Every structure is written in C-alpha cells, then in structure tokens.
Amino acid sequence: MGFPYDKADWSVVDGAMFIGWGSSMPGLYTAIAAAICVAVLVIGHGKEAKKAKKFDK
C-alpha cells in the first residue's frame with residue numbers, strides 16, 4: 001500500500017470535506033479572520049505606542 005493513498009486521485013479521499021463550498025461561507029470566514037487580524041494589529045500598535053512614549057524625550 002502506498003502512502004498515503006494507492007493513487008493520486010480525489011476519488012480515494014473519503015474523509016471530512018468542507019460543506020460550505022459554493023456558498024458565501026468562505027468569504028464570510030475570510031472576512032472574520034481579516035477583521036480579527038486588523039483588530040490585533042490596531043490594539044497591539046496602540047499599546048506599543050503608549051509604551052514607547054515613556055522613552056521619548
């Protein structure tokens with residue numbers, strides 16, 4: 001038996017699949033992830049800028 005499948009074909013894949021394909025879910029999940037990334041960057045920048053002001057004279 002080959003690893004991980006005997007042949008390189010999608011017909012042998014029988015595991016979990018993303019059932020939201022073809023709907024708006026991929027776009028929604030991408031938008032949520034982007035919003036989280038932007039929020040983390042904005043909050044982190046604000047905190048670091050506040051810390052850096054202590055050293056500016």
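Me: Let's start with Y29: what is its relative accessible area, and is it buried, partly exposed or exposed?
Reply: Happy to begin there. In this predicted model, Y29 has a relative accessible area of 45%, so Y29 counts as partly exposed. The residue is found in helix α1.

Me: Which residues form a nonpolar patch on the surface?
Reply: Y29 belongs to that patch, together with L28, I32, I36 and V40. Their accessible area comes to about 480 Å² together.

Me: What share of the protein chain counts as buried?
Reply: Of its 57 residues, 2% count as buried. The protein chain exposes about 5600 Å², and carbon and sulfur atoms supply 69% of that area.

Me: Now for charges: which side chains meet in a salt bridge?
Reply: The general idea first: side chains of opposite charge can pair when their charged atoms come close. Here the pair is E48 and K51, at 3.9 Å from N to O. The cut-off is 4 Å, so this distance falls within it. The count comes to one salt bridge.

Me: Where do E48 and K51 lie?
Reply: Both are in helix α1, three residues apart, which is about one turn of the helix.

Me: And are E48 and K51 buried, partly exposed or exposed?
Reply: E48 is partly exposed, with a relative accessible area of 49%. K51 is partly exposed too, at 46%.

Notes: Residues numbered from 1 in each chain as written. Predicted model: local features only at pLDDT ≥ 70, side-chain atom pairs only at ≥ 80, totals over all residues. Heavy atoms only, no water. Helix = DSSP H or I, 4+ residues; strand = E, 2+ residues; numbered from the N terminus. Buried < 20%, exposed > 50% of the residue type's maximum accessible area, 1.4 Å probe, protein only. Patch = residues over 30% accessible without salt bridge, like charges linked within 9 Å, V, L, I, M, F, W, Y side chains within 5 Å. Areas by Shrake-Rupley, 256 points an atom, 1.4 Å probe, with all protein chains shown as cover.
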